[in-house]
There are 2 protein chains.
Amino acid sequence: MNKSVIDLNECTNCPIRHRAVCARCETDELEQLESMKYYRNYSAGQTMIWAGDKMDFVASVVVGVATLSQTMEDGRTQMVGLLLPSDFIGRPGRDIAPYNVTAVSDVTVCCFRKKPFENMLVTTPHVGQRLLEMALDELDAAREWMLLLGRKTAREKIASLIAIIARRDNEAKSAIPGGQMSVDLPLTREAMADYLGLTLETVSRQVSALKREGIIELEGKRRVIIPDIDVLMDETGDDSDGGPLI
Amino acid sequence: MNKSVIDLNECTNCPIRHRAVCARCETDELEQLESMKYYRNYSAGQTMIWAGDKMDFVASVVVGVATLSQTMEDGRTQMVGLLLPSDFIGRPGRDIAPYNVTAVSDVTVCCFRKKPFENMLVTTPHVGQRLLEMALDELDAAREWMLLLGRKTAREKIASLIAIIARRDNEAKSAIPGGQMSVDLPLTREAMADYLGLTLETVSRQVSALKREGIIELEGKRRVIIPDIDVLMDETGDDSDGGPLI
DNA sequence: ACGCCCGGTTGATCGAGATCAAGGCGTCCC
DNA sequence: GGGACGCCTTGATCTCGATCAACCGGGCGT
């Protein structure tokens, strides 16, 4: 594979296997990365990084779900990102964390010591290009979320969240022909509320309403069955065709 | 200046003078850029780019103010970005615009034909690194805005918007010792509402309230005098020390 | 001079979602 | 078993911002 651009899922040589550093990895880059990486584990509910912490590493999520959040002095909090496996934590050229990073489930991250990682960025353009792509994708997601936060109703917010998680979850497994989907909601009602700019009571009420109307079904508290994804999409307020595109 | 990293404001050789492509420009890069650039002008109120348009260029704002916005089918709209001189429009690797770009004042942009620009990205890492920095800054701004949209009151939103514009405006002119600042609000009440996730009536009422309480003064409709920036900051809900930092 | 339009202001009322409060159901630990 | 705790649900009420509506003033074209 030396020097050839390869697909993430075929990248069997790579010990890390994450978009951030592997999508276009080359063997000599991998050797460099090997020498600067180490793993950290966190348990569900644990705050991995506090806003204001000194960061001497960047990292990539390996397993689990984490959130990025901001809190005001009086306790109001807003989630500003959802971190899933392959998502990147930290930023080259900055060493104080601006957000809280909290493990939702048990989480393993692969850390890279910051200085050598930044040096590598300068010498190997592939990694920088991949980071740029990822940052722009994050920016699109943030802007989509701004529309949700600023203009959607509580019901639309809930439907959008479920639809987004469902889409992401089922894009790996190829779309199911019957139209029915089953999705794990990794978040508590409170975390959903912090993501959507609502209170947990409103989240609970709106989930109940969608259930009552047969748009979703619940299996336990955290598993959602979507009988017809198109019916759910109608509740999101989004136009039918697709996501962000500058 | 060949091959040396130079500061934007000293970059007198550069015909474009924008962060996007000049912060670390080198003479041979500039020659490349020269060959692929052209200018476009738009008048106030004009929509420069519609969501869905084919983009065969990327661009950098030279003069004026423009907005990036999303609209739902029923007309609800949300601004997702404010474009000021030196801000970048478009994204390498994508050719359909996902947002509306609207000129607020008369606007001049410097366009670069897309294919050659993308080729240049591959060959000259400086430009890519600069774009990554800019994208990450935009991401921070978007996340700060998510907190505002999700969790702040109308009054806090207005105060935050004025404070942000004031800060940005006066960072060029070194901070004024007396504490008094004077700021041009480039946006109409409706545009402010679309930015803040409010209605124009609420914006008007809250601006009036801040004026009535002496926190701001108005000079005409569009110029704001801030007698004491710290008093205004107290109304934003932000904690005293500073912006985002992963 | 006139009317018109655009952007802004202010008032009255309404309603979605916040807030306050009570209670239900698992799970864990003593 | 039984309490304690975490997470969720549901009800009653309140409130902030939306909505509907009237009006103001300046710029512009005729």
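Me: Buried means under 20% relative accessible area, and exposed means over 50%. In this predicted model, is B:Arg94 buried or exposed?
Reply: B:Arg94 sits in the loop between β6 (88-89) and β7 of chain B. Its relative accessible area is 13%. The cut-off for buried is under 20%. B:Arg94 is therefore buried.

Me: With which side chain does the side chain of B:Arg94 make a polar contact?
Reply: A polar contact needs a pair of N or O atoms within 3.5 Å. The pair here is at 2.3 Å. The partner of B:Arg94 is in chain A: the side chain of A:Asp140.

Me: In what order do the 4 strands of the open sheet in chain B run?
Reply: The edge strands are β2 (47-49) and β5 (77-83) of chain B, and each pairs on one side only. The pairing in the sheet is antiparallel. From one strand to the next, the twist averages 35 degrees. The order is β2-β7-β4-β5.

Me: Which helix packs on that sheet?
Reply: The helix belongs to chain A and touches β4 (66-71) and β5 of chain B. Its direction makes about 130 degrees with that of β5(B). The helix is α4 (residues 125-151) of chain A.

Me: Which residue of β7(B) is the bridge partner of B:Ile49?
Reply: β2(B) pairs with strand β7 (residues 100-103) of chain B in the antiparallel sense. That pairing has 2 bridges. The bridge partner of B:Ile49 is B:Val101.

Me: How are α6(B) and α7(B) set relative to each other: roughly parallel or roughly perpendicular?
Reply: The axes of helix α6 (residues 189-196) and helix α7 (residues 200-212) of chain B come within 8 Å and cross at roughly 105 degrees. Angles of 65 to 115 degrees count as roughly perpendicular. α6(B) and α7(B) are therefore roughly perpendicular.

Me: How many charged residues are there in the contact of α6(B) with α7(B)?
Reply: From α6(B) come B:Arg189, B:Glu190, B:Met192 and B:Ala193. They meet B:Leu200, B:Val203, B:Ser204 and B:Val207 in α7(B). The contact has 5 nonpolar residues and 1 polar. The charged ones number 2.

Me: How many nonpolar residues are there in the contact of α3(B) with α4(B)?
Reply: Helix α3 (residues 114-123) and helix α4 (residues 125-151) of chain B have axes within 5 Å, crossing at roughly 100 degrees. That makes them roughly perpendicular. B:Phe117, B:Met120, B:Leu121 and B:Thr123 in α3(B) meet B:Pro125, B:Val127, B:Gly128 and B:Leu131 in α4(B). With 2 polar and no charged residues, the nonpolar ones number 6.

How values were computed: Residues are numbered from 1 along each chain as its sequence is written. Chains are lettered from A and ligands numbered from 1 in the order in which they are written. This is a predicted model: local features need pLDDT of at least 70, side-chain atom pairs count only at pLDDT 80 or more; totals for chains, interfaces and linings use all residues. Side-chain values use heavy atoms; hydrogens and water are left out. Two strands pair if DSSP finds at least two bridges between them. Axes are lines fitted to C-alpha atoms, for helices over the stretch in contact, and angles run from 0 to 180 degrees between N-to-C directions. Contact means heavy atoms within 4.5 Å. Angles under 35 degrees count as roughly parallel, over 145 as roughly antiparallel, 65 to 115 as roughly perpendicular and the rest as oblique. Ala, Val, Leu, Ile, Met, Phe, Trp, Tyr, Cys and Pro count as nonpolar, Asp, Glu, Lys and Arg as charged, and the others, Gly among them, as polar. Buried means under 20% relative accessible area, exposed over 50%, partly exposed in between (1.4 Å probe, protein chains only). A polar contact is a pair of N or O atoms within 3.5 Å; within protein, one must be able to donate a hydrogen and the other to accept it, and residues adjacent in sequence count only if both atoms are side-chain atoms.
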